[in-house]
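Q: I would like to go through this model with you, one topic at a time. May I start with a single residue and then move to the overall fold?

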Amino acid sequence: MYTYQTGNQTIDYKIEVVPNRTDITVQICDKEGVKVIIPRGLNENNVRSIIARKATWILKQLNGSQPAEEKPAAPKKEAVKKETAKKRLLKQQLLQLKLVLLKKETNSLT
């Protein structure tokens with residue numbers, strides 16, 4: 001388990017190295033917390049840089065936009081739940097794309 005400190009908040013995260021992977025993914029899981037999936041060859045400093053850039057988003061995902069007791073009840077319609085899942089998937093794909101572009105930008109600088 002790794003830790004990143006930003007202001008007075010701490011982000012605990014796990015790193016998973018996947019040899020054939022070409023992009024970087026940041027996942028927020030209910031049970032596992034924050035998991036960063038990276039290709040072989042990246043070091044902890046590369047991951048910390050990504051965590052630093054995405055810290056606001058990660059904390060928002062971990063804490064939610066409202067305190068738990070103030071969150072409105074979830075919609076009960078199945079179609080709404082599917083739409084929400086699609087939006088989440090699209091957001092994850094967008095984040096993955098941004099991270100791929102960031103990696104390419106970083107590689108071109110070296």
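Q: Is D23 buried or exposed?
A: D23 is buried, with a relative accessible area of 15%. Buried means under 20% relative accessible area, exposed over 50%, and partly exposed in between (1.4 Å probe, protein chains only). Please note that this is a predicted model, in which local features need pLDDT of at least 70 and side-chain atom pairs count only at pLDDT 80 or more, while totals for chains, interfaces and linings use all residues. Residues are numbered from 1 along each chain as its sequence is written, and side-chain values use heavy atoms, with hydrogens and water left out.

Q: Where does D23 lie?
A: D23 lies in the loop between strand 2 and strand 3. Strands (E, at least two residues) and helices (H or I, at least four) are DSSP runs, numbered from the N terminus.

Q: Which residues is D23 in contact with, leaving aside neighbours within four places in sequence?
A: They are I37, I38, P39, Q96 and V100. Contact means heavy atoms within 4.5 Å.

Q: Which side chain is joined to that of D23 by a polar contact?
A: The side chain of R21, at 3.1 Å. A polar contact is a pair of N or O atoms within 3.5 Å; within protein, one must be able to donate a hydrogen and the other to accept it, and residues adjacent in sequence count only if both atoms are side-chain atoms.

Q: You listed I37. How far apart are I37 and D23?
A: I37 and D23 are 14 residues apart in sequence and 8.2 Å apart in space, C-alpha to C-alpha. I37 lies in strand 4 and is buried, with a relative accessible area of 7%. Not counting residues up to four places away in sequence, I37 touches E16, V18, R21, D23, I24, T25 and Q27.

Q: Changing topic: what pattern does the protein chain follow along the sequence?
A: The pattern is β-β-β-β-α-α, with 2 helices and 4 strands.

Q: In what order do the strands form the sheet?
A: The 4 strands form an open sheet in the order 1-2-4-3, with mixed pairing. The edge strands, each pairing on one side only, are strand 1 (2-6) and strand 3 (25-29). From one strand to the next, the twist averages 35 degrees. Two strands pair if DSSP finds at least two bridges between them.

Q: Which sense does each pairing of strand 2 take?
A: Strand 2 (residues 9-18) pairs with strand 4 (residues 33-39) in the parallel sense over 6 bridges. With strand 1, strand 2 pairs in the antiparallel sense over 5 bridges.

Q: What about the hairpin of strand 1 and strand 2?
A: That hairpin has 2 residues between the strands, and G7 takes a positive phi near 60 degrees.

Q: Where does helix 1 pack?
A: Helix 1 (residues 44-63) packs on the sheet and touches strand 1, strand 2, strand 3 and strand 4. The direction of helix 1 makes about 125 degrees with that of strand 2. Axes are lines fitted to C-alpha atoms, for helices over the stretch in contact, and angles run from 0 to 180 degrees between N-to-C directions.

Q: How many residues are in the largest nonpolar core?
A: It has 17 residues, and those with the most contacts inside it include I11, Y13 and V26. A nonpolar core is a set of buried Ala, Val, Leu, Ile, Met, Phe, Trp, Tyr and Cys residues joined through side-chain atoms within 4.5 Å. Strand 2, strand 4, helix 1 and helix 2 (78-109) each give two or more residues to this core. Helix 1 gives the most, with 6 residues.

Q: And V34, is it buried or exposed?
A: V34, in strand 4, counts as buried at 0% relative accessibility. The C-alpha atoms of V34 and I58 are separated by 7.9 Å, while the two residues are 24 apart along the chain.

Q: Finally, where is K54, and is it buried or exposed?
A: K54 is in helix 1 and counts as buried at 18% relative accessibility. Leaving aside neighbours within four places in sequence, K54 is in contact with L95, K98 and L99.
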